Amino acid sequence: MAKQTILVVDDEQPILESIEMFMAEKGHRVFTAATATGGYEKYKKTAPDVMILDIRLPDGNGLDLLKQVQSYGNTPKVIMITAFHDMET
């Protein structure tokens, strides 16, 4: 499998660290951010192949961040995650 650049955006530090460590051990370049604002800035700087994106962030909504990324262009593959049981979302 080709090595990927991955951006993880989640406000839970243990989740960021776990995903970063796991993916880095597989040889991927991993960047992290704990806020939507930080995630968008890192997205623009790193042009990730994949984003792992939490739906609920302290300064916004992960779905809104996804819309920002899509409007910027060159949309990566996105995996949405959440700790909440909100089936409607």
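Student: What does the secondary structure of the chain come to?
Tutor: The chain has three helices and six strands, where helices (H or I, at least four residues) and strands (E, at least two) are DSSP runs numbered from the N terminus. This is a predicted model, in which local features need pLDDT of at least 70 and side-chain atom pairs count only at pLDDT 80 or more, while totals for chains, interfaces and linings use all residues. Residues are numbered from 1 along each chain as its sequence is written, and side-chain values use heavy atoms, with hydrogens and water left out.

Student: And which pattern does the chain follow along the sequence?
Tutor: Read in that direction, the pattern is β-α-β-α-β-β-β-α-β.

Student: How far apart are the end C-alpha atoms of helix 1?
Tutor: They are 18 Å apart, which agrees with the 18 Å that the 13 residues of helix 1 (residues 13-25) should span at 1.5 Å a residue, the expected span being 1.5 Å times one less than the number of residues.

Student: What follows helix 1?
Tutor: Gly27 follows helix 1, and its phi is positive, near 95°.

Student: New topic: which residues of helix 2 meet helix 3?
Tutor: Ala36, Tyr40, Tyr43 and Lys44 of helix 2 meet Leu65, Gln68, Val69 and Tyr72 of helix 3, contact meaning heavy atoms within 4.5 Å.

Student: What about the overall dimensions of the chain, as a box?
Tutor: Taken along the principal axes, the C-alpha atoms fill a box of roughly 35 × 30 × 20 Å. The radius of gyration of the chain is 12 Å, which agrees with the value near 12 Å for a compact globule with 89 residues; this radius is taken over C-alpha atoms, and the globule rule is 2.2 Å times the number of residues to the power 0.38.
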